[in-house]
Amino acid sequence: MSRSTLLRQWALLQLIPRHSYRSTAELHERLTEQGFEVNKRTVERDLAELELLFPLDSRKDSKPYGWRWSSVHDGVDDQPGDEGQQPG
């Protein structure tokens with residue numbers, strides 16, 4: 001995994017909200033706003049990979065798909081995202 005991939009995926013994890021779902025398209029848009037040159041399909045692949053490693057919920061029963069942190073882990077403070085705001 002390259003450094004740029006790692007940075008992009010870390011930024012993506014920070015954009016995933018804890019409670020409401022955020023669409024892949026919106027996540028892609030926000031990454032682009034942060035300066036990442038990436039297409040939507042790459043974001044989809046990143047999310048599929050991250051879903052295997054982190055407690056993420058995906059809403060795939062309707063389109064557009066949505067993503068959030070799993071509610072099973074509510075209250076856990078080591079998740080990188082909190083409604084897309086960086087720790088501070």
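Which residues of β3 point one way, and which the other way? G66 and R68 take one side, W67 and W69 take the other, and all are buried (buried means under 20% relative accessible area with a 1.4 Å probe, protein chains only, while exposed is over 50% and partly exposed lies in between). This is a predicted model, where local features need pLDDT of at least 70, side-chain atom pairs count only at pLDDT 80 or more, and totals for chains, interfaces and linings use all residues. Residues are numbered from 1 along each chain as its sequence is written, and side-chain values use heavy atoms, with hydrogens and water left out.

**Strands**

- Helices (H or I, at least four residues) and strands (E, at least two) are DSSP runs, numbered from the N terminus.
- β1 (residues 22-23) pairs with β3 in the antiparallel sense over two bridges; two strands pair if DSSP finds at least two bridges between them.
- S23 has G66 in β3 as its bridge partner.
- β2 (residues 56-59) also runs antiparallel to β3, with four bridges joining them.
- Here L56 stands opposite W69.
- A hairpin of six residues links β2 to β3.

**The core**

- The largest nonpolar core has 14 residues; such a core is a set of buried Ala, Val, Leu, Ile, Met, Phe, Trp, Tyr and Cys residues joined through side-chain atoms within 4.5 Å.
- Two or more residues each come from α1 (3-15), α2 (24-33), α3 (40-53) and β3 (66-69).
- α1 gives the largest share, four residues.
- L12, I16, L27, L31, L47 and L56 have the most contacts inside this core.
- Beyond its neighbours within four places in sequence, L47 is in contact (heavy atoms within 4.5 Å) with L12, I16, T24, L27 and W67.
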